[in-house]
Structure formats: structure tokens, C-alpha cells
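Subject: Structure handover

Hello,

The structure is below, with the findings after it. Please look through both before setting anything up.

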Amino acid sequence: MGDKKADRVEKVFEELKGKGLISEKRHLKKKNIRNFRARFILNRIYYDPVFTSLDEKSIRFILLHEEGHLRLKQKKRPSKTDEYEADFWAAEQMIIFYGDREPHKTLEMALEKADGMRKKRKSRIWKRKADSHPSTEERRNYVKRRLEKSEVRTWNIS
Ligand SMILES: [Zn+2]
């Protein structure tokens with residue numbers, strides 16, 4: 001194990017499964033899609049190999065976002081609302097299980113880093129695919145505003 005080249009996405013995926021934050025049913029698959037993506041029917045989460053060098057905290061948030069799509073039973077192509085809901089689900093898990101006090105900043109960091117890595121890869125397919133995700137700023141602000149008015153008092157958990 002020690003001499004295997006570390007794939008951080010696999011490592012974080014197993015960590016999240018161990019905590020019950022990602023369902024035992026899920027499978028992780030590499031695919032050249034320049035993104036992360038969840039497929040409900042197949043119980044799969046896809047990721048582009050370019051992201052194996054992302055930092056663990058960013059991977060954690062993004063994998064939780066994908067799991068959020070699956071937990072919230074968003075079976076069709078996600079709408080903007082679905083994206084916000086998946087972000088908020090991920091943010092709640094970051095607060096409760098990792099003591100993250102500013103998950104909106106974690107989201108922003110993760111998306112900016114992922115964008116930087118994505119740009120290193122050239123793909124025509126990417127340009128043709130419609131992306132339902134709102135902008136990083138919109139996503140960050142949605143999570144921040146919703147947490148500010150949230151009834152859930154999880155902020156004191158260390
Ligand atoms: Zn999404």
C-alpha cells in the first residue's frame with residue numbers, strides 16, 4: 001500500500017464512507033470528464049484524474065456535494081436549485097463532522113482550485129456540455145446566507 005501512488009480522491013472517498021457520510025452502495029470511478037459527477041442509477045461518483053492532486057479538504061467538500069445530489073434523490077439532470085441544495089447538504093456535514101465553521105469558504109476554495117486544475121486539461125467535449133452549476137460566488141453566498149438564518153445550532157461542535 002505504501003508504495004502505491006496516492007490517489008487522494010480514493011482516500012477521502014473511503015474516509016467519508018467510514019464516517020457514513022457516503023453510502024456503502026457508492027462506487028468511485030475515474031473518467032475524463034474534467035469534473036466530478038454523481039449518477040443516481042448506477043450509484044456512482046465519477047471524477048476526472050486531474051483532481052487526484054487537489055487538497056483533501058477540497059475533495060471532501062466536492063465529494064459531499066456529489067453525495068448530496070444522491071442523498072437528496074435528485075434523479076434528473078440537476079437544476080440550479082439542486083446544486084444549491086447539494087452544496088448546503090455538504091456544508092452541514094462539514095460543520096457537524098469536521099467542525100468547519102466557514103463551509104462557504106471551503107466551498108469557494110474547493111471550486112476555485114478545481115477550476116484551476118480543470119483549465120490545465122483541454123477538452124472539446126467539455127465546451128459542448130451544459131453546466132447547471134451556478135457561479136462559485138452565487139454558491140458561496142447561498143450557503144453563507146442560509147447558514148446565517150439557520151435554526152440548526154451546530155456551531156459549537158468542536
Ligand atoms: Zn452538482
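The exposed residues Glu137, Arg145 and Glu148 sit on the face of α6 turned away from its buried side. The buried residues of this helix are Arg139, Arg140, Tyr142 and Val143. Seen down the axis of α6, these fall within an arc of 160°, so they line one face of the helix; the arc is that of the directions from the helix axis to the C-beta atoms. Buried here means 20 or more other C-beta atoms within 10 Å of a residue's own, exposed means 12 or fewer, and partly exposed is in between, with C-beta atoms placed from the backbone. The buried residues of α6 pack against α3 and α4 (103–118), where a contact is two C-beta atoms, placed from the backbone, within 7 Å. Helix α6 (residues 136–148) has 13 residues, which should span 18 Å at 1.5 Å a residue, and its end C-alpha atoms are 18 Å apart, in agreement. The expected span is 1.5 Å times one less than the number of residues.

**Basis and overall layout**

This is a predicted model: local features need pLDDT of at least 70 and side-chain atom pairs count only at pLDDT 80 or more, while totals for chains, interfaces and linings use all residues. Residues are numbered from 1 along each chain as its sequence is written.

The protein has six helices and three strands, in the order α-β-β-β-α-α-α-α-α along the sequence. Both are DSSP runs numbered from the N terminus, helices being H or I of at least four residues and strands E of at least two. Of the 158 residues, 33% are buried. Among contacts with a separation of 6 or more, 62% are between residues 24 or more positions apart.

**Helix α3**

α3 (80–98) has 19 residues and reaches 26 Å from its first C-alpha to its last, close to the expected 27 Å. Glycine 99 follows α3 and has a positive phi, near 60°.

The axes of α1 (residues 8–18) and α2 come within 9 Å and cross at roughly 60°. Axes are lines fitted to C-alpha atoms, for helices over the stretch in contact, and angles run from 0 to 180 degrees between N-to-C directions. α1 and α2 are therefore oblique to each other; angles under 35 degrees count as roughly parallel, over 145 as roughly antiparallel, 65 to 115 as roughly perpendicular and the rest as oblique. In α1, Arg8, Val9, Val12, Phe13 and Leu16 meet Glu56, Ile59, Arg60, Leu63 and Leu64 in α2.

The axes of α2 and α3 come within 8 Å and cross at roughly 120°, and these two helices are therefore oblique as well. Residues of α2 in this pairing include Phe61, Leu64 and His65, and those of α3 include Trp89, Ala90 and Gln93.

Asparagine 43 has a positive phi, near 55°, and lies in the loop between β2 (36–39) and β3 (44–47). With 13 C-beta neighbours inside 10 Å, asparagine 43 counts as partly exposed. Lysine 73 also has a positive phi near 55°, in the loop between α2 (56–71) and α3. With 7 such neighbours, lysine 73 counts as exposed.

Regards
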